[in-house]
Amino acid sequence: MIGLEVNMFYIELQKIPSQILNIVLDNQNCELKIQQKDNRIYSSIKVNDIIITNGILCLTNVNLIPYGSNNYLKGTLKFIDIFGNDDTEPNDYREFNDRFILTYE
């Protein structure tokens, strides 16, 4: 297992297949929609009611905020596999927070 870095913000998810989180990142109001469809997890992001992404496939260690959107969020929003696998993708909402952790740094 890996440890989380000190400057990493942990975003707790519910173990349900579809959820919307309203959180503040970089002093901005954000809405994160995390949704399982079939065996894949997708995310959509709004910042101050502006759609940044819609239906992006979630992969481990890959920023969910696309390049060029850093006018809205300066950090990196990504899933981490605590088993240390860099080439996996979250595929089961029941593993949120136990294996797959959503972080912002």
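Predicted model: local features only at pLDDT ≥ 70, side-chain atom pairs only at ≥ 80, totals over all residues.
View 1

View 2. Take strand E3, which covers residues 28–37, and strand E4, which covers residues 40–47: they pair in the antiparallel sense over eight bridges. Which residue is the bridge partner of Leu 32 in E4? Look for Ile 45, which is that partner. Keep both names in mind, as Leu 32 and Ile 45 come back in the view of the nonpolar core.

**View 3. Three strands form another open sheet.** This one runs in the order E1-E7-E6, and its pairing is antiparallel. E1 and E6 stand at the edges, each with a single partner strand, so each has one side left without a neighbour in the sheet. The twist here averages 40° from one strand to the next. Zoom in on E1 and E7 and you'll find antiparallel pairing over three bridges. Within that pairing, Ile 11 has Leu 102 as its bridge partner in E7.

View 4. As for where the core comes from, E2, E3, E4, strand E6 (77–81) and strand E7 (100–104) each supply at least two of its residues.

**View 5. Leu 102 and its contacts get a view of their own.** Leave aside the neighbours within four places in sequence, and Leu 102 is in contact with Phe 9, Tyr 10, Ile 11, Leu 13, Leu 32, Ile 34, Leu 64, Leu 77, Lys 78 and Phe 79. One of these contacts, Ile 11, is also the residue whose bridge partner in E7 is Leu 102.

View 6. Gln 14 lies in the loop between strand E1 (9–11) and E2. Compare its position with that of Ile 34: Gln 14 and Ile 34 are 20 residues apart in sequence, and their C-alpha atoms are 9.8 Å apart in space. Now turn to Asn 97, which is found in the loop between E6 and E7. Is Asn 97 buried or exposed? With a relative accessibility of 18%, Asn 97 counts as buried, because the cut-off for buried is under 20%. Leaving out residues up to four places away in sequence, Asn 97 touches Tyr 10, Ile 11, Glu 12 and Leu 13.

**View 7. The cysteines shown here are not bonded to each other.** How many disulfides does the structure hold? The count is zero. Cys 30 is in no disulfide, and the nearest cysteine sulfur, that of Cys 58, is 15 Å away. Cys 30 counts as buried, with 3% relative accessibility. Cys 58 is in no disulfide either, with the sulfur of Cys 30 as its nearest, 15 Å away. At 0% relative accessibility, Cys 58 counts as buried too.

**View 8. Finally, step back to see the whole chain.** The secondary structure comes to zero helices and seven strands. The C-alpha atoms fill a box of roughly 35 × 30 × 20 Å along the principal axes. A compact globule with 105 residues would have a radius of gyration near 13 Å, and the protein agrees with its 13 Å. Of the 105 residues, 41% are buried. Among contacts between residues at least 6 apart in sequence, 45% join residues at least 24 apart.

Technical notes. Residues numbered from 1 in each chain as written. Heavy atoms only, no water. Pairing = 2+ DSSP bridges. Helix = DSSP H or I, 4+ residues; strand = E, 2+ residues; numbered from the N terminus. Disulfide = S-S within 2.5 Å. Buried < 20%, exposed > 50% of the residue type's maximum accessible area, 1.4 Å probe, protein only. Core = buried A, V, L, I, M, F, W, Y, C linked by side-chain atoms within 4.5 Å. Contact = heavy atoms within 4.5 Å. Axes fitted to C-alpha atoms, helices over the stretch in contact; angles between N-to-C directions. Rg over C-alpha atoms; globule rule 2.2 N^0.38 Å.
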